Amino acid sequence: MPGRAGRNRTRVPFYYWNRIAPTKPGAQALAAELGLDTPAAGHSTTSFKSGILYPIRRLIITGVDTPANYTTLLGPLWNIKAADAIKQARIEVLLCPPPGSPAHTASMHMDAGAPRYAPRGPSAEEEAELNEVRNMQQRLSEQMGGRSGGDVESSDIKEMIMRMGGDWDTNLGALEAAVNNTVQGGERGKDKP
């Protein structure tokens, strides 16, 4: 007798995106409209296109990240199983990662083929989070001592965490977003090859 996970596996967003959505006409139509490559039967699940961040980002950057569209591509449990990934992706998209940052490099692949770039504006809660990340970026810049175009070093991150004191765990998400959205290596405004 299969366990609970076996019975509900088809409702988990990763499984739904990879195995169920490609068989649903509504999901196929939405994916085509968004320029998404839907997973094919028997495909490898190691490509970034098989992960749930790929359709999540596409819904966000095109401004059609609605509950109905998440359900269409990720299944009925998206709001439980993918809520954190959606929240993090929205913040990253709204930060508009600069060329040369790790987040920009990743977004170039994830967002290729999108028909438009028109994310919804931030909610009040998201605006507060964006300000928190921007403040963390400023503190990170100060920690780096004005090194421009250099990589954020592990010693920089360690020092930032030490400065956070007892609040380090509540600020870790903002620090991660700040690091990922900071230009690293080479010249500012250029991606590493």
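Let me start with one residue. Thr 62 sits in the loop that runs between helix H4 (53-61) and helix H5 (67-74). Keep in mind that this is a predicted model.

Is Thr 62 buried or exposed? Its relative accessible area is 4%, and the cut-off for buried is under 20%, so Thr 62 counts as buried. The side chain of Thr 62 has a polar atom 3.3 Å from the backbone oxygen of Leu 59. Leaving aside residues up to four places away in sequence, Thr 62 touches Leu 34, Pro 115, Arg 116 and Ala 118.

Now the chain as a whole. There are 11 helices and zero strands. Of the 193 residues, 39% are buried. Taking contacts with a separation of 6 or more, 71% are between residues 24 or more positions apart. The chain exposes about 10500 Å², with carbon and sulfur atoms supplying 54% of that area.

Last, the largest pocket. It holds about 290 Å³ of space. Helix H7 (83-95), helix H9 (124-143) and helix H11 (168-180) are the elements that each give two or more residues to its lining. Which of them gives the most? That is H11, with six residues. The lining has 15 residues in total, and those nearest the pocket centre are Gln 88, Ile 91, Glu 129, Gly 173 and Ala 174. By type, the lining divides into six charged, five polar and four nonpolar residues.

That is what I have on this model.

Conventions. Residues numbered from 1 in each chain as written. Predicted model: local features only at pLDDT ≥ 70, side-chain atom pairs only at ≥ 80, totals over all residues. Heavy atoms only, no water. Helix = DSSP H or I, 4+ residues; strand = E, 2+ residues; numbered from the N terminus. Buried < 20%, exposed > 50% of the residue type's maximum accessible area, 1.4 Å probe, protein only. Polar contact = N/O pair within 3.5 Å; in protein donor to acceptor, adjacent residues only side chain to side chain. Contact = heavy atoms within 4.5 Å. 1 Å grid on protein atoms, 1.4 Å probe; cavity = no way out; pocket = protein on both sides within 12 Å on 5 of 7 lines; lining within 4 Å. Points joined across faces, edges and corners; volume = space filled by probe spheres on them. Nonpolar A, V, L, I, M, F, W, Y, C, P; charged D, E, K, R; others polar. Areas by Shrake-Rupley, 256 points an atom, 1.4 Å probe, with all protein chains shown as cover.
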